[in-house]
Amino acid sequence: MVEMFAAENGLKGDPRLQAISNAIRVVPHFPKQGIMFQDITTLLLDHKAFKNTVDIFVDRYKDMDISVVAGVEARGFMFGPTIALAIGAKFVPLRKPKKLPGEVIAEAYELEYGSDCLEMHVGAVEAGERAIVIDDLVATGGTLSAAISLLERVGAEVVECACVIGLREVKGQRRLNGKPLYILVEPREIDSC
Amino acid sequence: MLQRALIFSSSNPICSQLSTTAPPDNTVFPKRNGGWIIPFSSYQLPAFPSDSAANRPNMASQDEQDPRISNISSAIRVIPDFPKPGIIFQDITTLLLDTKAFRDTIDLFVERYRGKDISVVAGIEARGFIFGPPIALAIGAKFVPMRKPNKLPGEVLSEEYSLEYGKDTMEMHVDAVKAGERALIIDDLVATGGTLSAAISLLERVGVHVVECACVIELPELKGRERLGGKPLFVLVSST
């Protein structure tokens with residue numbers, strides 16, 4: 001699996017990345033003790049940083065013949081549609097069970113305790129389409145793996161997964177079926193301000 | 001009953017770069033294969049005071065219908081008996097697959113709200129998260145998600161609202177907005193108006209001025225428009 005951080009892949013020293021990182025709020029011990037939650041809602045309040053986030057993804061994908069942007073519920077919905085509109089692609093929401101009203105295919109994935117399920121509408125994506133998957137953050141990659149599976153099951157080619165925030169992978173821990181993963185920033189440990 | 005055909009087509013995308021900040025009115029966008037697109041139509045929506053309780057429906061499709069509306073309407077899929085028998089569900093996911101119709105949807109809202117000093121676009125979970133951010137980015141506003149309980153990690157304000165059976169709660173981060181800001185509330189559809197009403201309350205409790213509520217679809221028979229405490233409602237499509 002190829003994991004690419006923006007600062008090491010074409011955007012070294014780009015001041016937009018530091019501003020994006022600074023705009024993300026760290027909330028300690030949410031949803032439970034020990035987790036340093038990376039809160040992107042503060043990024044959405046910073047119009048310039050939010051726009052830069054979208055622009056970086058648009059610049060990367062606009063000439064890659066992408067016809068599908070799949071966004072993972074719910075924070076993937078905040079970034080995916082604007083990217084899709086700008087690159088001329090469809091937006092396909094990947095949702096928790098029982099939200100999508102039409103015929104769906106479903107893919108289960110592991111949580112820390114138990115499992116969950118991601119669904120996609122049948123017919124939203126056609127065989128041969130080139131797709132990217134968007135979410136706000138990648139940790140273990142379980143959700144992204146389920147998203148990749150859904151798209152591949154209908155014959156789409158997943159070109160890349162893209163996340164605003166991503167932890168550096170511990171060797172072998174994250175399985176994205178060999179798909180490249182593009183990440184803008186790493187999580188911060190604690191708010192400095 | 002308005003009939004809408006489901007068409008899943010691999011549409012030929014108009015591959016223009018959508019600028020996410022509001023450009024000057026004379027800006028054109030390049031097509032990927034050459035040529036230019038003028039993004040905003042010359043159609044002017046009727047103007048009315050933004051904080052009046054309008055007596056006529058605030059609908060883009062009334063009287064002089066914008067030519068973009070009919071494609072938007074026909075891109076929405078109707079699914080009977082979801083989530084339960086008797087409910088006719090308006091599925092906007094098919095609109096999101098139609099690149100032109102989705103772009104036109106956003107453009108219609110952006111044209112209406114650009115230059116109106118709106119600094120907050122509040123979107124209601126989850127389908128409001130699909131339409132709100134592109135609008136916010138294009139008009140230079142913040143995007144504020146209004147969420148189901150226990151999703152937002154920071155300090156929140158909560159507002160309870162009624163469902164057909166039982167209650168639900170909507171939350172907003174306390175420090176997302178400031179008193180005196182002017183806000184829009186976006187959702188895909190307005191039915192009874194309960195959700196929009198809760199969102200209006202949350203924003204007003206911190207002193208924000210809600211300028212208007214905006215939805216793609218209205219179900220007028222459920223009279224949501226009357227439950228918004230006098231706030232105006234703007235919709236693109238009305239479904240009877």
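Buried means under 20% relative accessible area, exposed means over 50%, and partly exposed lies in between, with a 1.4 Å probe and protein chains only. The views below come from a predicted model, in which local features need pLDDT of at least 70, side-chain atom pairs count only at pLDDT 80 or more, and totals for chains, interfaces and linings use all residues. Residues are numbered from 1 along each chain as its sequence is written, chains are lettered from A and ligands numbered from 1 in the order in which they are written, and side-chain values use heavy atoms, with hydrogens and water left out.

**View 1. Ser145(A) sits in helix H5 (residues 142-153) of chain A.** Helices are DSSP runs of H or I with at least four residues, strands are E runs of at least two, and both are numbered from the N terminus. Is Ser145(A) buried or exposed? Ser145(A) counts as buried, at 16% relative accessibility. Its contacts (heavy atoms within 4.5 Å) include Arg175(A), Leu176(A) and Asn177(A), with residues up to four places away in sequence not counted.

View 2. A salt bridge places a side-chain nitrogen of Lys or Arg within 4 Å of a carboxyl oxygen of Asp or Glu. Lys51(A) is buried, with a relative accessible area of 17%. Over all chains, the whole structure holds 27 salt bridges. Side chains of opposite charge can pair when their charged atoms come close.

**View 3. Asp59(A) pairs with Lys62(A), and Arg60(A) with Glu160(A).** In the Asp59(A)–Lys62(A) salt bridge, the closest N and O atoms are 3.4 Å apart. Asp59(A) is partly exposed at 43% relative accessibility. The side chains of Glu160(A) and Arg60(A) also meet in a salt bridge, at 2.6 Å from N to O. This pair links distant parts of the chain: Glu160(A) lies in strand S9 (residues 157-166), Arg60(A) lies in helix H3, and 100 residues separate them. Glu160(A) is buried at 3% relative accessibility. Arg60(A) is partly exposed at 24%. Elsewhere, salt bridges with shared partners join Glu8(A), Arg168(A) and Glu186(A) into one network.

**View 4. Strands S6 and S7 of chain A form a hairpin.** S6(A) (residues 104-110) and S7(A) pair in the antiparallel sense over seven bridges. Pairing requires at least two DSSP bridges between the strands. Which residue of S7(A) is the bridge partner of Ile105(A)? The partner is Met120(A). Four residues lie between the strands, and Gly114(A) in the turn has a positive phi of about 90 degrees. S7(A) (residues 115-121) is mostly covered, with five of its seven residues buried.

**View 5. Cys213(B) and Cys215(B) are in no disulfide.** A disulfide is counted when two cysteine sulfur atoms lie within 2.5 Å. That rule gives zero disulfides over all chains. For Cys213(B), the nearest cysteine sulfur is that of Cys215(B), 6.9 Å away. Both cysteines are buried: Cys213(B) at 0% relative accessibility, and Cys215(B) likewise at 0%.

**View 6. Residues 105-224 of chain B carry a UniProt domain annotation.** The unreviewed entry labels this span "domain: Phosphoribosyltransferase". UniProt positions follow the numbering used here, feature names are shortened, and annotations may be inferred rather than shown by experiment. The end C-alpha atoms of the span lie 21 Å apart. Its residues are 28% helix and 36% strand.
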